[in-house]
Amino acid sequence: MPFECRRCWHVWEEEYLVRRIDDRHGNEREIWLQAGLPVLPPSPGGVMCPRCGCQQATTFPDGYLSRHPELIPPAEPPAPDATPLLSPVPSPHYLDAAERVVSGRGQPRPHHERLT
């Protein structure tokens with residue numbers, strides 16, 4: 001059953017097995033199992049987000065995620081991009097000392113020069 005957290009928008013799926021049985025009086029009952037153990041059926045406020053712990057999750061119709069695979073998060077996070085981020089506009093604030101000396105803007109003043 002697919003879920004979506006209303007706080008962090010994380011999408012995940014949980015597997016349930018639903019068994020329908022008749023009791024001794026002829027009434028049909030449902031028993032929900034998860035990992036072979038009986039659990040309460042998922043309900044609003046009853047499912048906890050595995051990412052942020054919020055209990056405000058909503059469900060999707062059965063088969064929704066198979067028709068929208070873009071909502072399923074990847075198993076592993078993507079590798080970081082190794083391309084350095086460079087500004088398209090050169091800035092004098094980021095010139096190193098060698099460039100300032102070459103350009104004449106960073107040459108030291110003689111001690112005997114008078115400031116005006």
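I start with His10, which sits in the loop between E1 and E2; helices (H or I, at least four residues) and strands (E, at least two) are DSSP runs, numbered from the N terminus. Before going on, the ground rules. This is a predicted model, in which local features need pLDDT of at least 70 and side-chain atom pairs count only at pLDDT 80 or more, while totals for chains, interfaces and linings use all residues. Residues are numbered from 1 along each chain as its sequence is written, and side-chain values use heavy atoms, with hydrogens and water left out.

Is His10 buried or exposed? His10 is buried, at a relative accessible area of 13%; buried means under 20% relative accessible area, exposed over 50%, and partly exposed in between, with a 1.4 Å probe and protein chains only. Leaving aside residues up to four places away in sequence, His10 touches Phe3, Glu4, Cys5, Cys49, Pro50, Arg51 and Pro73, where contact means heavy atoms within 4.5 Å. With Arg51 there is also a side-chain polar contact of 3.2 Å. That term covers a pair of N or O atoms within 3.5 Å; within protein, one must be able to donate a hydrogen and the other to accept it, and residues adjacent in sequence count only if both atoms are side-chain atoms.

Trp9 belongs to the loop between strand E1 (2-5) and strand E2 (11-13) as well. Trp9 is exposed, with a relative accessible area of 55%. Its phi is positive, about 65 degrees, although Trp9 is not a glycine.

Three strands make an open sheet in the order E2-E1-E6, with antiparallel pairing; two strands pair if DSSP finds at least two bridges between them. E2 and strand E6 (57-59) are the edge strands, each with a single partner, so one side of each has no neighbour in the sheet. From one strand to the next the twist averages 30 degrees, with axes taken as lines fitted to C-alpha atoms, for helices over the stretch in contact, and angles running from 0 to 180 degrees between N-to-C directions.

E1 pairs with E2 over three bridges. Pro2 is opposite Glu13 in E2, and Phe3 has Trp12 of E2 as its bridge partner. The pairing of E1 with E6 is also over three bridges, and there Cys5 is bridged to Ala57. Which residues cover the two faces of E1? Pro2 and Glu4 are on one side, Phe3 and Cys5 on the other, and all are buried.

Next, charges. A search of the whole structure finds one salt bridge, the term being a side-chain nitrogen of Lys or Arg within 4 Å of a carboxyl oxygen of Asp or Glu. The pair is Glu30 and Arg20, with the closest N and O atoms 3.1 Å apart. Glu30 is in strand E4 (residues 28-34) and Arg20 in strand E3 (residues 17-22), so the pair ties together parts 10 residues apart in sequence. Glu30 is partly exposed at 40% relative accessible area, and Arg20 is exposed at 51%.

Last, Ala35, in the loop between E4 and strand E5 (37-39). Ala35 has a positive phi of about 55 degrees and is not a glycine. At 78% relative accessibility, Ala35 counts as exposed.
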